[in-house]
Amino acid sequence: MALPFRRLAAPLCVLALLTAACGGGDDGKKVLGGDDTTETTKGSGTSSGAVSSLDGVEGAVIQIVAKGTFAQPSEAAAYEEVSQAGSGSGFIIDPSGIAVTNNHVVTGAASLEVYVSGEDDPVNAKVLGVSECDDLAVIDLEGDDYPYLGWYDGEIDAGLEISVAGFPLGDPEFTLVRGIVAKAKADGETQWSSVDSVIQHDAEAQPGNSGGPIVTSDGKVVGVHFMSYDAGTGTTQKFGISAAIARDVVETMSGGEDVLSLGVNGQAIYDQESGLAGIWVASVKSGGPASEAGIQGGDIIERVEGLPMATDGTMKDYCDVLQSHNADDVLSVQILRFEDGTRYRGEFNGKEIEPFQTIASEVEDTADGTLPTGSSYGRYMPVSDDSGALRVEVPAEWSDVQGTPLVLDDGTELPQIIASTDLAAYAASYDVPGMEFAATVGGDFTTTDMLDAIGPAGECTSAGRQDYDDGAYVGEMEFWEGCGGTGTQVVTIAAGPAGGEFMALLFVQIVSDADIDALDQIIQTFQVITE
């Protein structure tokens, strides 16, 4: 039998009543096909003067040293700032010096030094455009008359012979390693990108190859290498952004326009042990929306427009938001400053971020040391209801989970999740921690009505209500204490989107100080999924 919100102050028939039935370049800027004598057919991957053999690729491949301060995650509990980023690779696509690399190689750098074939001294370069969702960037090298590569316009199939060119491990000596395309359309949702698909290859690329070209035997660019990672089986998988995806994005960026970018050099992180998730910021582009908002290297972007980021360890959540808005739209943002654990809220293209007090810290202040000490939770896990409409993260120790609907007296079914260390003990007492999460759709009701319905009146003492706003949902919340004659506290929340499409109902029982951290994670991650 489904456990209802177990301590409803109003009968279920009342709740049933309340719930009745989401360019081109400017003048003077270099663009692809940069002069009258060497003509490039945009988007075709062919050009009259491009390199036409594997032997000629070296002359068009560059080594990029990005100087600046970059915050790199080392472990879940630490990070380090380095005064110079590791070098990456890139390749020239136009004789005027237009070159392609990765966003994560150049964004946020104070200066770029670019080494071209046959020259001991670097040339200066400036960034024309970036895209964190495609993990691509276009830079403009000083000078002209460079050898350059053309895009491959054939079919990319598994087994296609390719080579990855670049400068791995910061070695100034050019390297070309051969392999094949292992998978033509691998999953494009990764920690560095969010695209429809990527190329998986088996050439022995290493750190430093990022931004370098993946080329055919006649020197045509099949893709842009951007990622290698340990698959956990003793093998390293390597990936590239395909020419079919990169070509149009590069053309736009060559005209000085960013694509799906807030000026962040970052990667998606998700640590199952701590529940920490978001976009790790290594650095930001000066003058970009992230920089203007006050975000800096070492920050973790936890929410944009109220939506939790990197819940699956990829850039998808972040890029979905960017794809749904214009570049100059005001977007709410919440970040964790990892260095000191302070959370901030503000806006991209709007108000600068400011620190705020989390609900969990308010509960901690209210408890004022009265809660007993509990063992810290080592790991968090995502749980969903049976319909897939609700999602939230709870301590792994709360493994007794029920996702069957909450059935009201009139037969209406509401999606619901209940999680605890022991559901039966949780339902019967205030001695066991746990949470209940449900959602209503439609109905002529208010958050006050819903808090009245789900609050444990008569068994706990209300410590007051206040407005609730996490950027995605707005409503009210109420703090309860002294539940059942114990020191247990309860937090209830009734909130939903401003348009009133639905209302989320949350009931969290806090038995020890460890449950305060659990409350924080629950509030950070609870979602009603409407798609």
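Residues are numbered from 1 along each chain as its sequence is written, and side-chain values rest on heavy atoms, with hydrogens and water left out. Because the model is predicted, local features require pLDDT of at least 70 and side-chain atom pairs count only at pLDDT 80 or more, whereas totals for chains, interfaces and linings use all residues.

Helices (H or I, at least four residues) and strands (E, at least two) are taken as DSSP runs, numbered from the N terminus. Strand E16 (residues 264–271) has six of its eight residues buried, so the strand is largely enclosed by the rest of the structure; buried here denotes under 20% relative accessible area, exposed over 50%, and partly exposed in between, with a 1.4 Å probe and protein chains only. Strand E16 runs antiparallel to strand E17 (residues 276–284), to which eight bridges join it, where pairing of two strands requires at least two DSSP bridges between them. Among these residues, Asn265 has Ser283 of E17 as its bridge partner. The two strands, E16 and E17, form a hairpin with four residues between them, and Gly275 in the turn adopts a positive phi of about 80°.

Both strands also take part in covering helix H5 (residues 316–323), in which Asp317, Tyr318, Cys319, Val321 and Leu322 are buried.

Phe91 and Trp151 form an edge-to-face pair, at 5.9 Å centre to centre and 80° between the planes. This pair links strand E5 (residues 88–92), which holds Phe91, to the loop between strands E9 (136–141) and E10 (161–166), which holds Trp151, 60 residues apart. Phe91 is buried at 0% relative accessibility, and Trp151 is buried at 8%. The ring centres of Tyr377 and Trp398 lie 6.0 Å apart with the planes at 85°, so this pair is likewise edge-to-face, and both residues, Tyr377 and Trp398, are buried. Phe437, Tyr473, Phe502 and Phe526 form one aromatic cluster.

Notes:
Contact means heavy atoms within 4.5 Å. Rings of Phe, Tyr and Trp (its six-membered ring) pair if their centres lie within 6.5 Å; planes under 30 degrees apart count as stacked, over 60 as edge-to-face and the rest as tilted.
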